[in-house]
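Student: Could we go through this model together? I would like to begin with its sheet.

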Amino acid sequence: MADIKDEIRRRRTFAIISHPDAGKTTLTEKLLLFGGAIHIAGAVKSNKIKKTATSDWMEIEKQRGISVATSVMGFNYGDYKINILDTPGHQDFAEDTYRTLTAVDSVIIVVDVAKGVETQTRKLMEVCRMRNTPVIIFVNKLDREGRDPFEILDELEKELKISVRPLSWPINIGAKFKGVYNIYEGGLDLFTPDKQKATERVEIDDVNDPRIDEAVGETDAAQLREDLELIDGVYPEFNVDEYLAGRVAPVFFGSALNTFGVKELLDCFVKIAPSPRPVDAVERTVNPEEETFSGFVFKIHANMDPNHRSCIAFVKVCSGKFERNAPYQHIRLGKTLRFAAPTAFMAQKKSIVDEAYPGDIVGIPDSGNFKIGDTLTQGENIHYKGLPSFSPEMFMYIENADPMKAKQLDKGVQQLMDEGVAQLFVHQFNGRKIIGTVGQLQFEVIQYRLLHEYGAQCRWEPMSMHKACWIESDDPEAIEAFKKRKYQFMAVDRDGRDVFLADSSYVLSMAQSDFPKIRFHFSSEF
Ligand code: G4P
């Protein structure tokens with residue numbers, strides 16, 4: 001029987017985050033390639049390959065014209081078991097993306113060397129910072145013209161609000177890109193602009209080794225030495241503990257499309273990235289090595305097959321060993337449940353699993369038992385926390401467009417909210433229902449799913465609002481005074497908590513300065 005400590009030690013559960021088009025999909029493919037999970041052998045760019053690199057579910061979603069899946073890809077790399085949680089990006093960016101970050105132990109951020117840090121990356125980094133999630137940065141597309149690497153490092157520090165430490169360093173960029181010096185392992189990796197060939201490594205003793213001059217020419221070798229000296233002068237030596245504490249992000253340079261710098265990234269990642277860490281429950285902190293199983297639902301993927309009303313609840317195993325058919329306690333419902341067909345993705349194949357360890361994600365077929373954030377245990381009454389809702393920034397009133405289907409609409413809306421597709425508020429001033437999202441596409445997704453899964457029709461009525469935030473205060477009178485003053489802009493969330501709908505950032509900052517006794521929260525976890 002596998003020793004649970006060894007199983008935990010070899011697991012790396014992480015997500016790749018980036019702004020659309022920075023190269024997340026390409027990097028994921030290449031990582032899967034190294035893990036032997038896919039066999040590309042040739043044209044990486046072909047769309048066929050791209051399709052096989054995504055899960056079947058995502059294909060189904062695409063055929064339905066929407067893509068909201070967060071899939072999980074597991075594979076072995078050497079002694080390590082790697083779980084990549086895919087984060088939906090692009091226009092389907094949604095709360096799901098944020099929530100996925102609550103189920104990972106670390107993150108790799110991909111940045112386009114020409115574009116630098118873009119909005120989506122910045123937002124996701126805020127969540128990482130909130131949770132002190134360790135991050136490694138991969139600066140991609142070095143084969144294209146881009147910014148000066150020192151400039152990129154400064155931008156990363158400033159925009160992502162984290163100290164950085166380069167662990168590889170490029171020799172030129174764009175058409176003149178010759179390769180990277182691997183600071184972490186000490187070696188020179190030569191770039192061949194050829195997707196078929198793997199990286200050519202020149203073994204060197206140190207930075208003064210004449211083999212560097214032979215390989216890249218004297219001028220570039222001199223520049224490299226100068227750059228490395230500057231790096232050593234400016235950036236403190238890399239310290240793994242600082243990385244694990246989320247204070248320093250190591251930076252690698254490469255080209256995912258050319259499979260260049262990817263293996264080096266992966267090799268460093270498996271060595272330094274954390275294995276599953278203790279997770280906070282409301283009652284206590286749970287250590288992964290504890291004997292009894294516990295886990296939480298971080299995502300629900302409903303009705304993947306439109307003909308079946310089933311969902312898949314994604315459970316992150318936090319402690320102990322998860323076993324198929326074992327009796328587990330569903331804390332919120334106070335029920336004992338057994339799961340006969342838990343699934344996991346391994347090397348791109350979805351199959352039933354008999355056991356899973358901390359860091360693993362299991363998909364549990366479900367017919368309505370689960371909500372986002374639900375805790376499962378072997379009996380202990382604990383509640384995992386850390387699945388906050390984030391302040392939505394887009395709002396619409398939702399109206400029933402088919403009076404005969406009011407019940408279906410209600411049910412559909414409730415279930416979609418349970419799944420975490422968006423947030424529902426009730427306006428205290430007019431009693432109308434408001435749906436708040438973080439991405440525009442969610443409104444289309446909701447409308448589509450209400451119609452196809454619940455036979456209900458909704459109509460949207462635009463609302464111009466800037467942000468919703470939760471308010472609280474130690475002083476009940478202050479809350480009452482605030483609610484009275486802002487009665488036209490007050491709503492409640494599904495848990496009955498007070499929410500202030502600010503119609504502009506100006507109004508919000510005025511409210512914050514006018515009501516010093518009120519705390520304004522931008523995530524529901526406070
Ligand atoms: P995303 O998931 O972050 O949105 O990005 P994705 O991997 O789809 O990459 C976006 C585009 O950038 C793709 O081109 C991809 O081939 C290209 N790309 C990724 N890595 C590199 C790199 O290292 N160098 C260069 N030059 N390009 C890179 P596309 O034309 O949009 O798609 P495709 O037709 O190539 O699939």
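Student: In what order do the strands of the eight-stranded open sheet run?

Tutor: In this predicted model, the order is E27-E24-E26-E25-E29-E30-E28-E31, and the pairing is antiparallel.

Student: Which strands are at the edges?

Tutor: Strand E27 (458–462) and strand E31 (519–521) are the edge strands, each pairing on one side only. From one strand to the next, the twist averages 40 degrees.

Student: And what packs on the sheet?

Tutor: Helix H15 (residues 505–514) does, touching strand E28 (467–472), strand E30 (498–502) and E31. The direction of H15 makes about 130 degrees with that of E30.

Student: Back to E27: how many bridges does E24 share with E27?

Tutor: Five bridges link strand E24 (residues 394–400) to E27, in the antiparallel sense. Within this pairing, Tyr397 has Glu461 of E27 as its bridge partner.

Student: Let us turn to E8. Which strands does E8 join through bridges?

Tutor: Strand E8 (residues 179–182) is joined to strand E7 (residues 168–171) by four bridges, running antiparallel. Four bridges also join E8 to strand E9 (residues 187–190), again antiparallel. Tyr181 takes part in both pairings: Tyr181 is the bridge partner of Trp169, and Leu188 in E9 is the bridge partner of Tyr181.

Student: Are the faces of E8 covered or open?

Tutor: Both faces are covered. Gly179 and Tyr181 are buried on one side, and Val180 and Asn182 are buried on the other. In a regular strand, side chains alternate between the two faces of the sheet.

Student: What about the hairpin of E8 and E9?

Tutor: Four residues lie between the two strands, and Gly186 takes a positive phi near 75 degrees.

Student: New topic: Asp267. Where is Asp267, and why does it count as buried?

Tutor: Asp267 belongs to helix H11 (residues 262–272). Its relative accessible area is 16%, and buried means under 20%, so Asp267 qualifies.

Student: What does Asp267 touch?

Tutor: Leaving aside residues up to four places away in sequence, Asp267 touches Tyr77 and Glu185. The side chains of Asp267 and Tyr77 are joined by a polar contact of 2.6 Å.

Student: Finally, why does the span of H12 agree with expectation?

Tutor: Helix H12 (residues 406–419) has 14 residues, which at 1.5 Å a residue should span 20 Å; the end C-alpha atoms are 20 Å apart, so the two agree. The buried residues of H12 include Leu409, Val413 and Leu416. Gly420 follows H12 and has a positive phi, near 90 degrees.

Definitions and conventions. Residues numbered from 1 in each chain as written. Predicted model: local features only at pLDDT ≥ 70, side-chain atom pairs only at ≥ 80, totals over all residues. Heavy atoms only, no water. Buried < 20%, exposed > 50% of the residue type's maximum accessible area, 1.4 Å probe, protein only. Pairing = 2+ DSSP bridges. Expected span 1.5 Å × (residues − 1). Polar contact = N/O pair within 3.5 Å; in protein donor to acceptor, adjacent residues only side chain to side chain. Contact = heavy atoms within 4.5 Å. Axes fitted to C-alpha atoms, helices over the stretch in contact; angles between N-to-C directions.
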